[in-house]
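The sequence and the structure are shown first.

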Amino acid sequence: MVEFQLLPRGSLGASDAEHVSVTPHLASRASVAVPVQPRDHISYSSINLFRQCSLRYFFKYVAGLPEEKTSASFVFGRAVHRAAEFHYRELLSGGEGSNLDTLLGEFQAGWDEQPPETITFPKTESRDSLGRLADRLLRAFLDSDLSRPVGRIIGIEEELRGRLIDGVPDLLARLDLMTETDDAITITDLKTARSAWSGQQADDSAEQLLLYGALVRRLIPHKPLRLEFMVATKTKEISITRHTVPFDQRRLDRTKRIVESVWRAIAAEHFFPSPSAMNCSTCPFRDPCRRWSG
Ligand code: SF4
C-alpha cells in the first residue's frame, strides 16, 4: 500500500482548504453554506489553529468562510518566503543566487498577490514602512550564511503528504528548504518574527518540524535528520538566526498523540470560541463569531 507521496509542486491547488463534512445543526448555527466534502488531509497549521480557537478553525476549514481581511504581517511573511524561494531556486539551477533588486521584485510580486483593500495594517505600519523593512531584511538575508546553504539542495517548497497516525487523515507538509550533505538531511523552515526567538521559543515550535521530519524519514530512512528554523526578525536591527531542533522520537510520539486528540475533537464537532486579545486581534471572523449562536 502506498501511504507516502512526494507531490508535484502545486498539485493540491493554490488553496490549503481542508473541508470536512458537518452535521446540519452546525451549519444552521453558523448561518453559512457548508461544503460537504470528505477531508483527505490535515496540515500542521490547521491543527494549531484548532488549538488556538476551535471556532476560528470551524469558520475557516469547516464552514469555508472567505477571509475578507488579511493581516499585513501575514502578507509580508508570505512575500519574504517568495523571495527566499526564488533565491534558492536560482542556486538549485546552478546560478549564483540573486541580488537585492531581484529579491525585492519577488517580494513586490508576492505582496501584489493580495488585493490592497483586504490588507489590514497595525497603527505603526504602512505599505511604505513594510517596503523599507523588506529592503533591510532581504539585504540581511543575502549577507547571512543562510542564503548559502551547506550541501546539495534537494527540495524547495516541497509538498509531502503521508499518514502518520492511524485514524487521522494524511498530514500535508510544505517544506521551505531541504538540503543534503554526506552525513545528514536538513529541513529548514523560514519564519518572520516581530522579535528575536529564544531557544525556548524554538523548542516550543518544534512540533511542526518533528512531524515534517517524520514524513521525510519515511522517504529517506538511512540518513540522520537535522531540523532547523531560520528566523528573520522584523526589528530595527534585523537579525537572521538559525535554531536547531533535535529529532526526538519521544517528543514526536507525544506530538502525534496531540494531533490525534485534536482530530478526535474535530470529528466530534467540539467547536467553541476562545476569545483573547492575541487570538481575536488578527481573526478575520469576528462578525460571524459574534453571530455564532452556540
Ligand atoms: S473572534 Fe476570537 S473567539 Fe471568535 S472565532 Fe475569532 S479568534 Fe475565536
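The crossing of α2 and α9 is left-handed, a term used when the near helix is turned anticlockwise from the far one by less than a right angle, with right-handed for clockwise. The axes of helix α2 (residues 44-52) and α9 come within 10 Å and cross at roughly 70°. That angle makes α2 roughly perpendicular to α9, where roughly perpendicular covers 65 to 115 degrees, roughly parallel is under 35, roughly antiparallel is over 145 and the rest is oblique. Axes are lines fitted to C-alpha atoms, for helices over the stretch in contact, and the angles run from 0 to 180 degrees between N-to-C directions. In this pair, Ile47, Phe50 and Arg51 of α2 meet Val259, Val262 and Ile266 of α9, two residues being in contact if their C-beta atoms, placed from the backbone, lie within 7 Å. By class, the contact of α2 with α9 has five nonpolar, no polar and one charged residues. Nonpolar here denotes Ala, Val, Leu, Ile, Met, Phe, Trp, Tyr, Cys and Pro, charged denotes Asp, Glu, Lys and Arg, and the others, Gly among them, are polar.

The model is a predicted one, in which local features need pLDDT of at least 70 and side-chain atom pairs count only at pLDDT 80 or more, whereas totals for chains, interfaces and linings use all residues. Residues are numbered from 1 along each chain as its sequence is written.

The protein has 11 helices and nine strands; helices (H or I, at least four residues) and strands (E, at least two) are DSSP runs, numbered from the N terminus. Of its 294 residues, 29% count as buried, meaning that 20 or more other C-beta atoms, placed from the backbone, lie within 10 Å of the residue's own, against 12 or fewer for exposed and values in between for partly exposed. Among contacts in the protein with a separation of 6 or more, 74% are accounted for by residues 24 or more positions apart.

Two packed helices are described by the angle between their axes and the distance between the axes.

| Helix pair | Axis distance | Crossing angle |
|---|---|---|
| α4 (residues 72-92) and α5 | within 8 Å | roughly 140° |
| α5 (residues 100-112) and α6 (residues 127-143) | within 10 Å | roughly 130° |

The crossing of α4 and α5 is right-handed. Residues of α4, including Val75, Ala79, Ala83 and Phe86, meet residues of α5, among them Leu103, Phe107 and Trp111. By class, this contact of α4 with α5 has nine nonpolar, two polar and three charged residues.

The crossing of α5 and α6 is likewise right-handed. Here Leu100, Leu103, Leu104 and Phe107 in α5 meet Ala134, Asp135, Leu138, Arg139 and Leu142 in α6. The contact of α5 with α6 comprises seven nonpolar, no polar and two charged residues.

Most residues other than glycine have a negative phi. Glu157, which is not a glycine, has a positive phi near 50°. Glu157 lies in strand β5 (residues 152-162) and is partly exposed, with 17 other C-beta atoms within 10 Å. Glu269 also has a positive phi, of about 60°. Glu269 belongs to the loop between α9 (249-267) and α10 and counts as partly exposed, because it has 14 C-beta neighbours inside 10 Å.

That loop between α9 and α10 also holds Ser276. Ser276 counts as exposed, with 10 C-beta neighbours inside 10 Å. Although Ser276 and Gln52 are 224 residues apart in sequence, their C-alpha atoms are 9.6 Å apart in space.

At the other end of α9, Phe247 sits in the loop between β9 (240-245) and α9. Phe247 is partly exposed, with 19 other C-beta atoms within 10 Å. Leaving aside neighbours within four places in sequence, Phe247 is in contact with Leu210, Gly213, Leu225 and Leu227.
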